[in-house]
Amino acid sequence: LADYQNAIQLMQQGKYEKARAAFEKLSRDAPPEIQERVRVYITVCDRNCASSSLDFDTPEEQYDYAVSLLNAGSWEEARDQFEAILTSTPKADFAHYGMAVLSSMTGQAEEALEHLSHAIALNPANRIQARSDPDFVDMADDPRFTELLYPELG
């Protein structure tokens, strides 16, 4: 029963591939009273997996989606989207900025500084934006962060 509830929860979270794998495992051992439901859920997962391949017209559109994932706390999925943007468009300053925010929020200071540095090098306006961005609050005490944002003080 706990495995069934876990599979349902994965499906509700939109993790259809993981949910499908959990339902597949259940389908072998599930009691007869939930066998049909498990088969239905496998079909639902299959449909959602097929329709979840996302196509974006522009890197900016994909970035907006990545930010929505970030705001929802889906950090790994957001990371995947930012990385996909950077693979196709390495000079996308906004994607470096997004990765910097994500890295800051997940406690990865080195990675945050690296991406923020790239974002600023590609578009100096990112320095001004980062100065007032509350997503970098965890970085405020890092002297390297201060040096990056306020080079005139050095």
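**Labels and the numbers behind them**

Modeller: Here it is. Arg-39 has a relative accessibility of 43%, so it counts as partly exposed. Bear in mind that this is a predicted model.

Biologist: Why is Arg-39 called partly exposed?

Modeller: Buried means under 20% and exposed means over 50%. Arg-39 sits at 43%, so it falls in between. Glu-36, at 47%, counts as partly exposed by that reasoning too.

Biologist: What makes Glu-36 and Arg-39 a salt bridge?

Modeller: The cut-off is 4 Å between a side-chain nitrogen and a carboxyl oxygen. The closest N and O atoms of Glu-36 and Arg-39 are 2.9 Å apart, so the pair qualifies. Both are in helix H3, 3 residues apart, which means about one helical turn separates them.

Biologist: Which pair links H7 to H5?

Modeller: Glu-111 and Arg-79, with closest N and O atoms 2.7 Å apart. Glu-111 is in helix H7 and Arg-79 in helix H5, 32 residues apart. Arg-79 has a relative accessible area of 12%, so it is buried, while Glu-111, at 23%, counts as partly exposed.

Biologist: How many salt bridges does the rule give?

Modeller: The count comes to 7.

Biologist: Now H6. How do you know that H6 is largely enclosed?

Modeller: Of its 13 residues, 12 are buried, so the rest of the structure largely encloses H6. Those buried residues pack against H4, H5, H7 and H8.

Biologist: And what span should H6 have?

Modeller: At 1.5 Å a residue, the 13 residues should span 18 Å. The end C-alpha atoms are 18 Å apart, so the two values agree.

Biologist: Which residues does Asp-133 touch beyond its neighbours within four places in sequence?

Modeller: Tyr-97 and Val-101. Asp-133 itself lies in the loop between helix H8 and helix H9.

Technical notes: Residues are numbered from 1 along each chain as its sequence is written. This is a predicted model: local features need pLDDT of at least 70, side-chain atom pairs count only at pLDDT 80 or more; totals for chains, interfaces and linings use all residues. Side-chain values use heavy atoms; hydrogens and water are left out. Helices (H or I, at least four residues) and strands (E, at least two) are DSSP runs, numbered from the N terminus. Contact means heavy atoms within 4.5 Å. The expected span of a helix is 1.5 Å times one less than its number of residues. Buried means under 20% relative accessible area, exposed over 50%, partly exposed in between (1.4 Å probe, protein chains only).
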